[in-house]
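Grab a pencil and have the 3D view ready.

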Amino acid sequence: GEGARLNPLRAEAMCRVTVAASLEAACSAIAELCGQPPQVVVTSAQMPDADTTWPGLAQQLRQDDRPVLIVFGTGWGLAPEVLAAADLRLPAIVCDPEVGSPGDDYNHLSVRAAAAITLDRLLGAR
């Protein structure tokens, strides 16, 4: 449509998106494409019991060739069954204390903003 004509790169990016009916279907599609199932990593604004860190996952991504599927929740969190199916849980994105005010735990971001911050934190130094 009009947006694709105005910004061809956006159209190219959208052509790369695949919709899956479920988390299991997404994992199956990735396994078929990559030859092995992905490691499922979840994060949301309401992330109880994070069991990895941003630097820890970034290091793992540099050292491991296994595909990774990052699942983003909303401000309401993720369904318990999605949390249970995850291999790793990243902490919620909160204000960097070096940039923001001490105690500033504002984390109500759009998923697009959270995805951008996540990709920068995990892959930005590559």
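Helices here are DSSP runs of at least four residues, and strands are runs of at least two, both numbered from the N terminus. Keep in mind that you're looking at a predicted model.

**Exercise 1.** Work out how many helices and strands the chain has, and in what order its elements run.

*Solution.* Step one: count the runs, and you get six helices and three strands. Step two: walk along from the N terminus, and the order reads α-α-α-β-α-β-α-β-α.

**Exercise 2.** Describe how helix H4 and helix H6 sit against each other.

*Solution.* Step one: pick what to report. Two packed helices are described by the angle between their axes and the distance between the axes. Step two: find the pair, with H4 at residues 54–63 and H6 at residues 111–123. Their axes come within 8 Å and cross at roughly 65 degrees. Step three: list who meets whom. From H4 come Trp 54, Leu 57, Ala 58 and Leu 61, and they meet Thr 118, Arg 121, Leu 122 and Leu 123 of H6. Step four: sort these contact residues, which gives six nonpolar, one polar and one charged.

**Exercise 3.** Decide whether Val 19 is buried or exposed.

*Solution.* Step one: locate Val 19 in the loop between helix H2 (8–15) and helix H3 (23–34). Step two: check its relative accessibility, 77%. Exposed means over 50%, so Val 19 counts as exposed. Step three: look at its partners. Together with Met 14 and Val 17, Val 19 forms a nonpolar surface patch with about 350 Å² of accessible area.

**Exercise 4.** Find what share of the chain is buried.

*Solution.* Of the 126 residues, 28% are buried.

Conventions:
Residues numbered from 1 in each chain as written. Predicted model: local features only at pLDDT ≥ 70, side-chain atom pairs only at ≥ 80, totals over all residues. Heavy atoms only, no water. Axes fitted to C-alpha atoms, helices over the stretch in contact; angles between N-to-C directions. Contact = heavy atoms within 4.5 Å. Nonpolar A, V, L, I, M, F, W, Y, C, P; charged D, E, K, R; others polar. Patch = residues over 30% accessible without salt bridge, like charges linked within 9 Å, V, L, I, M, F, W, Y side chains within 5 Å. Areas by Shrake-Rupley, 256 points an atom, 1.4 Å probe, with all protein chains shown as cover. Salt bridge = Lys/Arg side-chain N within 4 Å of Asp/Glu carboxyl O. Buried < 20%, exposed > 50% of the residue type's maximum accessible area, 1.4 Å probe, protein only.
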